[in-house]
Amino acid sequence: MTRTKLLSAATTIAALALATAPAMAQTKFEFWYGLSGDLSERIQEMCGTFNASQADYEIVCVSQDNYEANLQNTIAAFRANKQPTVTQISDGGTLDLMLSGAYIPVRQLMEENGYDIKWDDYFSGIASYYSTSAGELLSMPFNSSTAMFYYNADALKAVGFEGAPQTWEQVEKIARDLKAAGYDCPVAFDPTGTWQWFEQFSAAHNQPIASNGNGFGGLDAVVEFNQGKFVDQLTWIKKMYDEGLFVAKSKAIGETANDAFVNAKCQMSSSSIADHGTFGKQAIEGMHWDVTMLPLWEGTERTNTLVGGASLWTLKGSTAEQYKGAAAFYAFLATPKQAEWWSTVTGYIPVTNTGFKAMTDKGFYSAAPYKGRELAIQSLTATPPTEYTRGVRLGNFGAIRLEVANAMQEVLFNNVPVQQALDAAAERSNAVLRKFEATYPGQALP
Amino acid sequence: MERRAFYQNPVLPWLLLAPQLLLVLVFFYWPTSQALFWAFTLEQPWGGGNTWAGFNNFLYIFGDTRYWATVARSAFYAIAVSAISMCLALTLAMFVDRALKGTRMFQSVFVWPYAIAAPAAGVAFRFIFAPEAGLIGAVNEMWPGIWNPATNGFHALGMVIVCHAWLGIGYNFIFFLAALQMLPKSLSEAGAMDGARPYRRMLDIQLPLIAPTVFFLLIMNLISSFTDSFGLIDVMTEGGPINATEVMVYKLYVDGFKGLDYSGAAAQSIVLMLLVIALTFVQFRWVEKRVHYN
């Protein structure tokens with residue numbers, strides 16, 4: 001699959017190269033990203049705007065389908081010295097990049113190319129995720145989101161529930177009522193969706209994902225997801241699944257949770273705020289849906305959720321001219337007009353305080369179809385970041401996500417006891433972390 | 001008498017060999033030596049350094065229960081694929097060899113699956129076996145939930161095995177048919193005159209006579225199922241659900257490219273290579289010498 005992706009990427013590049021051959025004076029540089037579908041089209045649009053806005057640089061934007069594939073392909077390209085100038089790396093891949101020595105810190109890039117960026121304008125939660133412990137941003141914050149809870153207001157009304165579900169107790173009750181009223185799929189559950197069902201759940205309930213403050217304290221962290229509230233949460237999810245109140249939906253099963261939700265087949269779902277724009281476009285005619293913060297268990301206090309999404313890393317190995325182009329591109333992304341466009345057509349949140357304030361002042365969030373998106377910011381800033389909600393800084397976190405996804409599926413599909421499945425996943429995750437630590441011996445977190 | 005050709009010029013043979021040597025060097029020896037190096041070190045994913053690890057990578061995979069589960073699964077996969085594919089191909093070849101009606105057409109038709117690229121077949125079979133929309137979906141309408149390769153590991157593994165076996169039928173068929181047609185007709189005819197039915201003749205006369213082909217194909221099928229399963233699995237299940245279709249070659253890919261554990265993957269690839277070398281060795285040294293009836 002990766003090979004076909006690379007091939008199609010190569011043909012895209014070739015096609016673009018042919019199409020734009022006459023414009024020789026421009027400096028061309030590449031940007032690889034890990035989004036597909038509607039979001040990918042928005043990025044292409046954005047690249048088009050950038051290219052049209054100036055004559056010196058031409059950005060070639062190549063989709064690698066998803067974050068994971070983009071990280072893998074970027075690494076493969078980097079090893080073969082064919083890397084793009086700019087690549088988009090997801091939240092979970094941050095530490096993999098930090099220790100790679102393969103990048104130019106964004107702050108340095110912008111300073112060297114004469115751009116003055118107000119770095120302290122970035123939301124602190126976003127900045128801390130992508131910064132060194134000294135507070136220097138290493139990558140450019142780009143698409144930032146957090147997990148939200150979506151619900152079909154029509155269906156909820158039909159069983160007598162007005163407003164947004166705030167607690168998991170309410171979700172359970174609504175799901176039962178929906179089932180009794182003949183709805184097949186009260187809640188769509190993506191068994192591979194560890195980001196929203198595990199990581200963000202843990203953050204909202206202030207539960208540790210790993211020791212050392214989720215890894216921020218050093219490479220010798222161990223995972224702790226098999227001890228806290230997530231164990232109870234997965235037990236509850238299993239109970240709901242067995243009763244047919246949670247229905248597994250994923251690409252492998254034939255329909256994603258998002259598709260099931262926009263087609264009104266499933267009445268509740270959890271997904272990124274980034275999908276707010278897509279849902280608005282794809283929801284079937286006449287369907288009324290809304291978004292709210294992730295539900296909590298009764299009697300718990302909400303802590304801020306984690307920044308999701310990705311940031312842009314500038315890789316070593318390009319020419320000075322190309323770096324100038326990359327810097328111009330970042331500056332373009334940070335212009336208020338562009339930032340607002342991006343937040344409008346997707347659901348990604350503005351990444352700076354002034355950006356958010358400008359949009360709020362314009363009344364962007366007070367009316368449909370954008371109403372509700374401000375809840376993402378509310379969720380992200382519910383409390384000042386705690387030790388366990390400022391982010392996740394674990395090496396090879398993609399492999400750990402895979403372990404948790406496997407554990408969730410083992411519990412659901414193979415009836416493995418929850419504690420046993422999570423203990424096994426934790427043991428394997430710790431082995432991953434130890435191997436990562438040994439691969440970078442003697443290195444401290446930047 | 002044996003005749004031998006000699007080259008006066010000592011450089012010429014090497015020149016003639018050069019293109020092939022170059023290919024082998026670039027596409028086999030060089031990557032193999034690289035993998036060997038990584039297997040004994042801890043390689044940083046982005047390059048830029050590695051540390052000596054001795055046998056740690058091997059000790060780690062050999063101490064990992066999931067790795068052994070993968071090995072057992074690969075063995076089952078290889079045996080099941082080879083058995084199904086060879087039995088069906090042999091049956092088809094037997095019928096075609098008996099010169100029934102339409103033989104000429106079937107001769108070429110049965111080979112077709114071999115010409116299909118594994119990923120393309122994977123896509124087709126994934127559609128056929130899709131629990132909701134696919135052709136098999138009908139059984140789910142009669143007995144809801146009885147077939148679901150997306151959540152049931154056994155279903156998923158069975159689905160991939162059937163697809164892989166189907167792809168191999170064409171290749172096996174050609175060899176079986178060629179072997180059967182090489183047999184002197186007189187042997188079969190003599191059997192028939194003594195009153196042996198076709199099934200008996202197959203068991204007692206034809207099968208023993210084509211034993212070398214059977215063993216050759218067995219080894220080829222085993223090797224192919226160890227190494228060629230990658231494309232199919234990647235398209236059909238991506239190793240899931242819950243690693244239920246993760247065979248050795250796929251785990252290697254997942255650990256190396258998805259898990260960024262280059263060293264662990266390199267160690268696994270060395271183990272897999274040794275396994276294939278061992279199978280090839282068995283074929284050359286043992287099978288080719290023993291299984292002869294002339």
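1. Domain bounds are those of an automatic or database domain assignment. The model is a predicted one. For chain A, the assignment gives domain 1 as 2-144 + 308-366 and domain 2 as 147-305 + 384-439. Between the C-alpha centres of domain 1 of chain A and domain 2 of chain A the distance is 28 Å.

2. The contact between these two domains of chain A draws 19 residues from domain 1 and 22 residues from domain 2. On the domain 1 side, at least two residues each are supplied by α2 (37-53), α4 (94-98), α6 (124-130) and β11 (308-315) of chain A. By kind, the residues on that side of domain 1 of chain A that touches domain 2 comprise 6 nonpolar, 10 polar and 3 charged.

3. Chain A also touches chain B, in a contact that takes 28 residues from chain A and 24 residues from chain B. Elements of chain A that each supply at least two residues of its side are α3 (67-79), α18 and α19 (418-439). The largest share of that side, 7 residues, is the contribution of α18(A). The side of chain A that touches chain B divides into 12 nonpolar, 11 polar and 5 charged residues.

4. Running over residues 397-414, α18 of chain A has 18 residues. From first C-alpha to last, this helix of chain A reaches 25 Å, close to the 26 Å expected at 1.5 Å a residue. Of the 18 residues of α18(A), 16 are buried, so the helix is largely enclosed by the rest of the structure. Just after α18(A) comes N415(A), which takes a positive phi of about 55°.

5. A52(A) and W341(A) are 289 residues apart along the chain, and their C-alpha atoms are separated by 16 Å.

6. Q378(A) belongs to helix α17 (residues 374-380) of chain A. With 14 other C-beta atoms within 10 Å, Q378(A) is partly exposed. Q378(A) and V392(A) stand 14 residues apart in sequence, and from C-alpha to C-alpha they are 20 Å apart in space.

Key. Residues numbered from 1 in each chain as written. Chains lettered and ligands numbered in written order. Predicted model: local features only at pLDDT ≥ 70, side-chain atom pairs only at ≥ 80, totals over all residues. Contact = placed C-beta atoms within 7 Å. Helix = DSSP H or I, 4+ residues; strand = E, 2+ residues; numbered from the N terminus. Nonpolar A, V, L, I, M, F, W, Y, C, P; charged D, E, K, R; others polar. Buried ≥ 20, exposed ≤ 12 C-beta atoms within 10 Å, placed from the backbone. Expected span 1.5 Å × (residues − 1).
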